[in-house]
Amino acid sequence: MSATAVHSLWTTAATAADPIAKIDAPKIEYGQLSPVLIVLGAAIIGILVEAFVPRRSRYYAQMFVSAVALIAAFAAIVALAAGGYGTTKAGIAAMGAVAVDGPALFLQGTILLTSLVGLFTFAERRLDPEQHGNRVDSFAAQAAAVPGSESEQKAVTAGVTTTEVFPLLLFAVAGMLVFPAANDLLTLFVALEVFSLPLYLLCALARRKRLMSQEAAVKYFLLGAFASAFTLFGIALLYGYAGSMSYGTIAQVVDGTVQNVTPALADTMGNDALLLVGSALIVMGLLFKVGAVPFHMWTPDVYQGAPTPVTGFMAAATKVAAFGALLRILYVALPGLRWDWRPVMWGVAIITMLAGAIVAITQTDIKRLLAYSSIAHAGFILAGVIATTPEGISSVLFYLAAYSFVTIGAFAVVTLVRDAGGEATHLSKWAGLGRRSPLVAAVFAVFLLAFAGIPLTSGFSGKFAVFKAAAEGGAAPLVVIGVISSAIAAFFYIRVIVLMFFSEPRPEGPTVAVPSPLTMTAIGVGVAVTVVLGVAPQYFLDLAGQAGVFVR
C-alpha cells in the first residue's frame with residue numbers, strides 16, 4: 001500500500017473518531033479566582049523586585065507590593081461575597097479544581113486579614129538596636145551565610161537584609177488560599193506544597209539564635225515531608241478506590257449513588273481497604289498541619305526556633321487553612337464514611353485537648369507554652385468538626401477567625417520583651433513585667449484570658465459556639481472533657497498573669513522595646529478583635545452561619 005493511501009486511511013480514521021474536537025480549551029473563571037491570582041502575581045513581582053530594584057529601596061518596595069496585594073485580594077473576597085458567591089451563586093471553578101462557596105470565602109478572608117497583620121510584624125525594624133548605623137529586623141542578614149562566619153559578619157556590617165521574606169510570605173498565603181477551597185485531591189496536594197515550602201524556609205531565617213532556627217526548620221521540613229508523603233499515598237489509594245480525584249465523585253462512589261459504573265470501578269468500589277486506608281492517610285496529613293496529637297511533635301520546637309513573626313503568622317494562618325481543608329474533605333468527600341471517621345476523631349480530639357493542656361503546665365519558655373496552647377486549641381476546634389452539623393461548620397469558622405487574631409497579637413507582644421540576647425522568652429524573665437511596663441503586660445494578659453476562654457473575650461465566644469455545636473451533635477462527653485481541659489489550660493495562662501503582675505521585677509530583667517506603628521497596629525488589631533468578638537459576637541456568628549454551607 002502506498003504512503004498516500006496510508007496517509008488517507010489515517011486522516012479518514014482521525015476524522016471518524018474526531019479526537020481533536022474533544023479537547024476543549026480549559027474554562028477558567030478568573031474573576032472567582034482573583035484573590036489567589038492577585039497574591040500569586042504580587043509574589044512574582046516581589047521576586048522581580050529582588051532582582052532589579054536597588055538594595056536600599058527593596059524593603060519599602062516589597063512592603064508596598066505585599067500590603068497592596070493582601071488588601072486587594074481581601075477586597076476581591078468581599079466583592080465575591082457581596083455578589084452572592086458565598087451563598088446563592090456558590091459553585092465549582094477552574095474545571096472542578098476549586099470551590100467558591102461560603103466556607104472558602106470566609107476562610108480566605110480570615111487568612112488574608114491575619115496575613116496582613118502578620119506582614120506588619122515581618123516589617124518591624126525598631127526593636128533591635130541599630131547595627132553599624134542600620135536598622136535591623138527579625139531575619140538573618142544573609143540567609144545563605146554560615147552562622148557566625150566571616151561572610152555573615154560582612155553582611156551585617158554592610159547592612160544587608162533578607163527582603164526575600166516578603167515574596168515567600170505571599171507564596172505561602174497563595175497556597176493557603178487554595179488549600180481550604182481545593183475541590184479535588186490533586187489541587188489539595190499542590191496547595192499543601194505551595195504553602196509548606198516557603199514556611200520551611202522562613203523558619204530558618206532568625207537573626208538571633210540562628211542554629212536553633214535552622215534546627216527548627218530541618219525538623220519541620222523532615223516531618224512535613226513525611227506528612228506530605230502520607231497524604232500523597234492516601235490520595236493514590238483514594239483515587240484507586242473511586243477512579244476520580246473530585247470530592248463530589250468520591251462522595252458519590254462512597255454513597256453508592258454514582259452513575260455509569262464501569263467494570264473497573266465496580267471492582268475497586270467493593271474494596272473498602274483502599275477507601276479506609278486512603279482516607280486515614282489523607283486525614284493524617286491534615287492533622288499534622290493543624291498540630292493535633294499524635295502528629296504534634298514538630299509544633300513546640302518549630303514555634304520556639306522560628307523567628308517570632310513567622311511563628312505568629314504560621315500559628316494563625318496555617319491552622320485556618322488546614323482546618324478548612326479538613327472540614328471540606330470530611331463534609332464534602334467523605335460524609336458517607338461518618339461512622340468510620342467520627343470515633344477516630346473523638347479519640348484524637350480528646351488526647352489533643354488533654355495532652356496540650358497538661359504538657360503546657362511544665363513549659364518554661366513562653367513560645368513553647370503558646371505552642372502547647374495551640375495544640376490544645378486544635379483539640380477544641382476538632383470538637384466542632386465532630387459535630388457533623390451546619391452549626392459545627394459555622395462554629396469552627398468563627399473559632400478560627402477569633403483564634404487567629406489572638407495568636408498573632410500574642411506573638412507580636414513576645415517580640416517586644418527583650419534582653420541583650422534578643423527576645424527574652426524564658427518565663428522567669430517575664431517576672432514583674434506588669435510593674436516595669438503595665439500596658440504591655442495588660443495587653444498580653446488580655447490575650448492570655450482569651451486563650452483561656454474567659455467571658456467577654458473572643459476565646460469564650462468561640463469555645464461556647466464549638467462546645468454547643470458538639471453537644472447538639474451528640475458529643476456531650478467530648479464537651480465535658482473539653483471543659484476540664486479548658487480548666488487545666490486556664491491554670492497556666494493565669495500563672496503567667498500572676499508572674500507578670502504579682503512578682504518582684506528582677507534588677508537585670510529584660511526591657512520592653514518601643515515598636516514602630518507597624519507592630520502597634522498588629523497588637524491593636526489583635527486586642528480590638530478579641531474584645532469585639534467577646535462583647536458582641538452575634539454579627540460574626542451570623543456571618544459564619546451564612547458562610548457555613550459547602551457547595552457539592
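Residues are called buried at under 20% relative accessible area, exposed at over 50% and partly exposed in between, using a 1.4 Å probe and protein chains only. The model is predicted, so local features need pLDDT of at least 70, side-chain atom pairs count only at pLDDT 80 or more, and totals for chains, interfaces and linings use all residues. Residues are numbered from 1 along each chain as its sequence is written, and side-chain values use heavy atoms, without hydrogens and water.

Helix 20 spans residues 476-502. Helices are DSSP runs (H or I, at least four residues) numbered from the N terminus. The 27 residues of helix 20 reach 38 Å from first to last C-alpha, close to the expected 39 Å; the expected span is 1.5 Å times one less than the number of residues. Its buried residues include Gly 482, Ser 485, Phe 492 and Tyr 493. Among the elements covering them are helix 14 (338-360), helix 15 (366-386) and helix 19 (458-472).

Helix 15 also holds Ser 374. This residue is buried, with a relative accessible area of 1%. Ser 374 touches Thr 299, Tyr 303, Lys 319 and Tyr 403, leaving aside residues up to four places away in sequence. Contact means heavy atoms within 4.5 Å.

The largest pocket holds about 610 Å³ of space. Of its 24 lining residues, Phe 74, Phe 106, Gly 109, Thr 110 and Leu 543 are the closest to its centre. Helix 4 gives the largest share of the lining, six residues. Helices 3, 16, 21 and 22 are among those that each supply at least two.

Conventions
On a 1 Å grid over the protein atoms alone, a cavity is a set of points where a 1.4 Å probe fits but cannot get out, and a pocket is an open set with protein on both sides within 12 Å along at least five of seven lines; lining residues have an atom within 4 Å of a point. Grid points are joined across faces, edges and corners, and a volume is the space filled by probe spheres set on the points.
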